[in-house]
Amino acid sequence: MSDIAYVNGAYVPLEDAKISILDRGFLFADGVYEVAAVIDGKLIDNEAHIARLERSLGELRLESPVSMAEIVEIEKALVARNSVTEGMVYLQMTRGAAERDFSFPKGVTPTLVGFAQKKNILASPYAGKGIKVVTVPDLRWARRDIKSVALLAQVLAKQAATEAGCQEAWMVDSDGFVTEGSSSTAFIVTGTGAIVTRPNSAAILPGCTRRSAMALAQERGLTIEERAFTVAEAYDAAEAFLTSASNLVLPIVSIDGRPLSDGSPGPHARRLRALYLDFARATAV
């Protein structure tokens with residue numbers, strides 16, 4: 001964890017980073033967040049993350065107390081002040097602190113906080129051996145396209161994965177179709193080599209790494225199918241993988257205890273991870 005955090009305009013020691021217990025993020029989960037990866041001391045694919053933050057704020061009618069350009073400078077300052085060469089920067093914005101009432105308060109300045117974390121992204125052991133996934137019911141609200149701080153369903157899903165000896169959970173709607181991972185985008189690869197992932201809608205978060213990885217795949221002539229897929233189809237897939245800011249691209253080697261193909265990372269996942277890493281370094285800021 002970082003030694004220096006950002007709280008409403010000030011950089012303070014982490015132990016001194018505090019907000020009011022009346023903050024609406026704490027009381028109502030009335031806020032949004034973003035996470036950007038850091039590699040070689042630079043922010044990765046950050047333009048997409050800032051655009052998504054701005055969209056999430058708009059969907060909640062929440063006005064940022066600083067400009068998006070200033071937010072980028074805050075991110076860079078957190079990276080520098082905490083000497084993060086590899087890891088991530090977390091930002092959270094809420095509607096602010098006010099007397100507890102469900103309606104939007106008037107005349108309240110939103111809360112903006114941030115911190116940095118060091119994490120081994122490039123040499124993750126799961127890049128070489130793959131991860132295991134368990135499926136769980138999707139219990140979330142209907143606006144999953146907003147990167148809301150209301151993450152209890154994802155917490156329960158991730159805990160289910162941990163207790164099953166897995167590293168990620170795929171959430172499944174009542175119709176049997178996979179929506180996404182608890183903190184990632186879900187992909188499968190068919191026997192004909194098509195890369196399949198659910199199309200963006202209110203049902204899933206529009207993943208930034210997802211978008212870039214798909215663009216890289218299309219540039220190389222790989223087939224992309226944006227459609228929903230069932231758990232049963234995933235069991236029979238040639239391979240599967242996930243994308244997220246903090247993991248880039250990671251292969252999936254089993255789902256619900258069922259090995260995919262020969263149980264080793266597939267070629268599409270390995271290739272896309274390498275392509276994404278090249279892209280990330282070339283476009284980092």
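# A tour of the predicted model

Select the open sheet to begin: its six strands follow the order 2-1-6-5-3-4 and pair in antiparallel fashion. The edges are held by strand 2 (10–13) and strand 4 (42–43); each has a single partner strand, so one side of each is left without a neighbour in the sheet. The coordinates shown are those of a predicted model.

Next, colour strand 1 (residues 4–7) together with strand 6. These two strands run antiparallel and are joined by two bridges. Within this pairing, Tyr6 may be displayed opposite Gly114 of strand 6.

**The largest nonpolar core**

Now show the side chains of Leu43, Leu57, Ile71, Ile74, Val89 and Leu112. Of the 24 residues in the largest nonpolar core, these six touch the most other members. At least two residues of this core come from each of strand 3 (31–39), helix 2 (46–59), helix 3 (68–81), strand 5 (86–94) and strand 6 (111–118). Helix 3 makes the greatest contribution to this core, namely six residues.

Centre the view on Leu43 and display its contacts. Leaving aside residues up to four places away in sequence, Leu43 touches Ala36, Ala37 and Val38, then Val72, Glu75, Lys76 and Val79, and also Val89, Ala284 and Val285. Another core, of 20 residues, lies apart from the largest one; among its members are Ile195, Leu272, Leu275 and Ala280.

**Aromatic pairs**

The structure contains seven aromatic pairs. Select Tyr90 and Phe115 for one of them: this pair is stacked, at 4.9 Å centre to centre with 15 degrees between the planes. Tyr90 belongs to strand 5 and Phe115 to strand 6, so that the pair links parts of the chain 25 residues apart. With a relative accessibility of 17%, Tyr90 counts as buried, whereas Phe115, at 21%, is partly exposed. The cut-off between the two classes is 20% relative accessible area.

For another geometry, turn to Tyr276 and Phe279. Their ring centres are 5.6 Å apart and their planes stand at 50 degrees, so this pair is tilted. Both residues lie in helix 8 (residues 267–283), where they are three residues apart, about one turn of the helix. Tyr276 is buried, its relative accessible area being 1%, while Phe279 is partly exposed at 22%.

**Charges over rings**

Select Arg95 and Phe104. The charged end of Arg95 sits over the ring of Phe104, at 3.6 Å from the ring centre. A further arrangement of this kind is found at Arg258, whose charged end sits over the ring of Tyr235, 4.0 Å from its centre.

**Helix 6**

At 1.5 Å a residue, the 12 residues of helix 6 should span 16 Å, and the end C-alpha atoms are 17 Å apart, which agrees. Which residues of helix 6 are buried? They are Cys208, Thr209, Arg210, Ser212, Ala213, Met214, Leu216 and Ala217. The tour ends just after helix 6, at Gly221, which takes a positive phi of about 80 degrees.

How values were computed: Residues are numbered from 1 along each chain as its sequence is written. This is a predicted model: local features need pLDDT of at least 70, side-chain atom pairs count only at pLDDT 80 or more; totals for chains, interfaces and linings use all residues. Side-chain values use heavy atoms; hydrogens and water are left out. A nonpolar core is a set of buried Ala, Val, Leu, Ile, Met, Phe, Trp, Tyr and Cys residues joined through side-chain atoms within 4.5 Å. Buried means under 20% relative accessible area, exposed over 50%, partly exposed in between (1.4 Å probe, protein chains only). Helices (H or I, at least four residues) and strands (E, at least two) are DSSP runs, numbered from the N terminus. Contact means heavy atoms within 4.5 Å. Rings of Phe, Tyr and Trp (its six-membered ring) pair if their centres lie within 6.5 Å; planes under 30 degrees apart count as stacked, over 60 as edge-to-face and the rest as tilted. A charge sits over a ring if NZ of Lys or CZ of Arg is within 6 Å of the ring centre and within 35 degrees of the ring normal. The expected span of a helix is 1.5 Å times one less than its number of residues. Two strands pair if DSSP finds at least two bridges between them.
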